[in-house]
Amino acid sequence: MMLSTSTIAQRSGASRARNVFAPTPSRVLVQRGWLTLFCVVLAVFALMPLVALVLRGFLETQDGRTVLSFEALHAVLKESGYWMATWNTVVISLGAMMLATAIGVVLAWCLVRTNVPFARTLEQLATLPIFIPPFIGAFAWVLIGAPRVGLFNLPARGLGLGDPMDIYTYTGIIWTTGIYIAPYVMMIVAAALRNMDPSLEEAAQVCGLSRLRTMLSVTLPVVAPSILSGAVLAFVISIGLFGTPVLLGMTKEIYLITSRIYLELQHFPPSFGIVAVLAIYLMFMSTLANILQSIALRGRSFITVTGKGFRPKIIELTGGRYVVAAVIWFYLTLTVIGPIVIITAAAFSTFTWSGRFTSANVAYLWQSEDVRATVVNSLLVTVIAATAATMLGLAVAWITTRTRMWGRRLVEHVVLLPMSVPSLAFALGVSFFWLWMPLSIYGTMWIIIVGLIGRYVSYSVRTITSSLIQIHPELEESARISGFGWGNTMFRVTLPLVMPAIISSWVMVYSIFISELSMVLPLYTAETRTLSILSFDTWAVGEFSMVAALSLLQLVMGVGVMWTVTLITKQRQVAAV
Amino acid sequence: MSVRVEGLTKTFGPLRAIDDLSVGFQTGKISVLLGASGCGKTTTLRCIAGLERPNGGSIIIDDDTVFNSDRGVDIQPEKRRLGMVFQSYAVWPHLTVAGNVAMPLRAQKLGKAEIERRVQETLRIVGLSDQAEKSAMKLSGGQQQRVSIARCLVGNPRLILMDEPLSNLDARLRVEMRHEIRQLQQRIGATILFVTHDQEEAMSLGDEIFLFSKGKVVQKGPPEELYFRPTARYVAEFLGKANLFRVAVRPNSEGASVAALPSGEIISRGQMANASSQRDALCMVRPESWRVAKGAGSGLSANVQEVTFVGDRRELRVDTPIGPQLVVTYGYERFAINDQLSLSIAPEHVHLFDSEV
């Protein structure tokens with residue numbers, strides 16, 4: 001015993017002498033190594049495109065030297081067409097925002113707080129417009145409401161009454177955009193209404209306030225921050241939309257910033273400076289909206305999410321519930337069922353709307369070499385990008401929730417940054433960045449994949465983080481104590497527990513990627529065309545029945561796969577319990 | 001000493017959760033780490049487990065240095081061969097009861113038959129043999145607790161760490177489990193470090209209590225020593241209820257020290273050494289140590305201000321010349337407000353310690 005203590009003393013003495021070299025404990029070194037690698041990867045994916053975009057807008061190459069230049073900005077400011085596009089973007093986005101907020105709030109309230117029959121099913125149906133890609137949604141409304149060819153206008157034309165409906169207008173664009181983004185507002189407000197402590201309202205009623213007064217002076221102010229959040233989100237999504245304004249606005253020259261960018265890219269050679277400045281406009285507008293929101297909400301987040309589920313107080317409507325249900329069904333028919341039926345009908349028509357039906361368009365999908373190649377590209381890009389984004393998202397979520405590594409907050413911020421940048425702007429940044437890189441993936445499929453990951457990894461991070469937060473860290477710590485290393489703990493405990501979140505994250509980004517158009521548009525080449533680009537090109541040459549068939553295929557590949565995966569995993573979960 | 005901690009320091013930003021802590025815990029005993037929340041007891045436990053990385057100091061388990069900041073030693077938690085019961089039980093919801101308990105053995109890469117045998121054996125010890133194939137999610141809180149304990153025992157750890165394991169149980173179950181842990185420990189002779197903020201739990205369970213405050217151990221010792229012979233006001237007030245008042249200590253003619261009330265009445269003899277000159281000391285009397293007689297008497301006169309009946313005892317708040325005192329009486333005798341009492345005390349029930357500087 002004496003001996004051992006003295007040897008320990010000697011050893012520690014020797015080590016103290018060596019301490020001059022200050023050995024860093026290996027654990028910390030390993031952690032730092034990982035984190036550094038991680039930051040580089042994330043920076044390349046998420047941060048550098050934004051940096052490249054800003055640089056591209058203000059740098060010009062003159063005689064081999066790079067100089068600061070405001071030429072592009074100047075060109076944009078000088079041209080009245082760009083001012084018009086900015087004005088149109090603001091007006092249409094504000095209009096769509098108000099429409100979406102009105103629809104979203106009313107829907108959320110009716111579905112959460114009243115006894116409408118089948119409220120749960122209706123709520124799920126009402127989220128569906130999100131999964132109809134904007135291009136396809138807009139295309140459905142072209143089929144319905146275009147002058148001369150629109151289905152709605154046909155009977156009136158037959159009677160010689162002209163066109164009662166014209167979708168190629170401000171109103172048309174606002175309507176189509178509004179119904180596409182309304183579900184986002186509805187989901188946010190519905191969650192707020194569910195999380196609200198019902199005793200807040202009960203207290204008001206006990207104090208003698210009427211039901212209407214309670215709603216106006218208690219319920220509404222309490223959920224107001226959520227309504228505002230939903231509205232700002234709607235605005236930000238709206239300014240970045242590409243498919244809708246291009247399909248509906250170009251005919252009558254209602255240009256938005258996104259359609260202006262598209263036009264500029266069609267020029268040869270395109271003026272990348274101007275394109276970059278326009279993309280910076282979009283970035284600026286969405287950042288401004290987010291900043292205004294956080295100023296407005298400062299110190300006003302009343303709804304504390306306790307994780308405690310409240311049972312919302314249901315308002316009993318007697319006969320009224322069927323009226324409300326009928327109105328909601330009518331709305332769903334208009335926004336979900338109608339467009340899908342119309343597109344299906346168009347896909348089986350010889351031409352729209354001839355009244356004659358054929359399976360030639362759908363059969364063509366099988367035969368066409370073009371369709372096969374783009375489907376393969378789409379699937380490759382989508383599966384690789386969705387898998388990579390989910391894995392990266394898992395890693396970021398784990399680092400930010402489970403470690404105390406220095407700089408983990410920074411990682412989180414960098415990842416969330418692209419979230420408020422419109423896809424088109426982000427994709428341009430990706431192309432600029434890789435044009436500058438010596439080892440370039442420009443022109444390959446990988447640039448599309450890298451772009452998608454950078455733009456959407458935040459979605460995976462959010463989904464998986466919220467699941468990891470609910471999993472007590474002690475579950476992992478007890479595996480470590482039980483004798484498992486980091487990797488084993490991950491595979492035996494963490495992964496099985498967050499698997500539902502991983503799957504839903506994968507399915508979510510898959511359904512976005514499979515039909516993503518604006519993200520791919522600045523990045524594809526003839527060899528890397530995707531299905532969404534093919535439908536867009538087909539639309540440009542005016543083969544509407546073919547576009548309908550391609551849209552149908554996209555819906556099946558997107559929503560179909562999503563539903564199948566969700567169903568299978570739900571059944572497995574049921575079986576496991 | 002089976003577990004030794006030397007110069008341990010852990011900071012979270014500006015907060016010093018553990019402040020240069022040096023302490024040893026004995027083999028085969030239950031050592032209770034007691035303190036209010038934020039005192040550093042859980043952080044100490046987690047540092048020993050390897051779940052937190054201390055800023056400095058060393059941790060030695062069974063002559064095996066698991067952490068030493070000077071030498072850059074930091075053994076990973078899975079290599080420390082410990083068992084731990086968490087406050088949330090941390091029972092893995094995706095596994096069965098047996099699956100949970102088998103995990104530490106799987107980590108040791110034991111054979112299938114061996115794992116099966118030891119899981120069964122351990123489940124029998126905690127009384128869960130018939131629940132082995134049940135999903136862990138379907139267990140009650142008490143049963144999850146047992147799974148957690150079984151999982152902690154099954155790998156024969158050299159040290160068991162328990163982080164407030166009973167605080168999520170209801171009161172009756174908590175007393176029952178406390179008893180079972182005590183019995184289990186005595187049966188297998190395990191070394192347990194047990195963290196709690198509950199003083200009753202600490203005193204009934206611990207062979208030795210380590211009372212933490214502000215990242216340091218204020219006093220350590222067997223429960224009775226901490227309760228009857230606290231060395232600081234904080235200890236006296238944290239454990240149980242205490243009447244504290246100042247007394248003057250002075251030497252008497254025989255060289256022994258005597259303590260006296262301001263009125264001059266001597267209440268204790270020979271307790272404090274080296275009372276060469278007169279000085280102040282703090283006197284602690286536990287509420288149950290006062291002997292109560294009704295009416296005026298030779299003792300300290302007291303006037304009843306408040307009576308609380310708590311079932312097995314009555315708690316009286318009384319006014320005395322030395323200030324308000326809490327008195328506990330047992331039995332059937334009733335008291336009313338404004339009753340006159342005379343309080344006396346056996347000298348051996350008086351505890352004196354140096355008043356704070």
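The crossing of helices H2(B) and H3(B) is right-handed in this predicted model. Two packed helices are described by the angle between their axes and the distance between the axes. Here the axes of H2(B), residues 97-107, and H3(B) come within 9 Å and cross at roughly 120°. Angles of 65 to 115 degrees count as roughly perpendicular and those over 145 as roughly antiparallel, so H2(B) and H3(B) are oblique to each other.

On the H2(B) side, the contact is made by B:Val97, B:Ala98, B:Val101, B:Ala102, B:Leu105 and B:Arg106. H3(B) contributes B:Ile115, B:Arg118, B:Val119 and B:Leu123. Of these residues, eight are nonpolar, two are charged and none is polar.

B:Ala136 counts as buried because its relative accessibility is 2%, and buried means under 20%. Leaving aside residues up to four places away in sequence, B:Ala136 touches B:Val91, B:Trp92, B:Leu95, B:Thr96, B:Val97, B:Asn100 and B:Gln144. B:Val97 also belongs to the contact of H2(B) with H3(B).

| Property of chain B | Value |
|---|---|
| Helices and strands | eight helices, 21 strands |
| Span of the C-alpha trace along its principal axes | about 75 × 50 × 35 Å |
| Buried residues | 52% of 357 residues |
| Accessible surface | about 16,300 Å², 49% from carbon and sulfur atoms |

Among contacts in chain B with a separation of 6 or more, 64% join residues 24 or more positions apart.

Technical notes:
Residues are numbered from 1 along each chain as its sequence is written. Chains are lettered from A and ligands numbered from 1 in the order in which they are written. This is a predicted model: local features need pLDDT of at least 70, side-chain atom pairs count only at pLDDT 80 or more; totals for chains, interfaces and linings use all residues. Side-chain values use heavy atoms; hydrogens and water are left out. Buried means under 20% relative accessible area, exposed over 50%, partly exposed in between (1.4 Å probe, protein chains only). Contact means heavy atoms within 4.5 Å. Axes are lines fitted to C-alpha atoms, for helices over the stretch in contact, and angles run from 0 to 180 degrees between N-to-C directions. Helices (H or I, at least four residues) and strands (E, at least two) are DSSP runs, numbered from the N terminus. Angles under 35 degrees count as roughly parallel, over 145 as roughly antiparallel, 65 to 115 as roughly perpendicular and the rest as oblique. A crossing is left-handed if the near helix is turned anticlockwise from the far one by less than a right angle, and right-handed if clockwise. Ala, Val, Leu, Ile, Met, Phe, Trp, Tyr, Cys and Pro count as nonpolar, Asp, Glu, Lys and Arg as charged, and the others, Gly among them, as polar. Accessible areas come from the Shrake-Rupley method with a 1.4 Å probe; for residues, only the protein chains shown count as cover.
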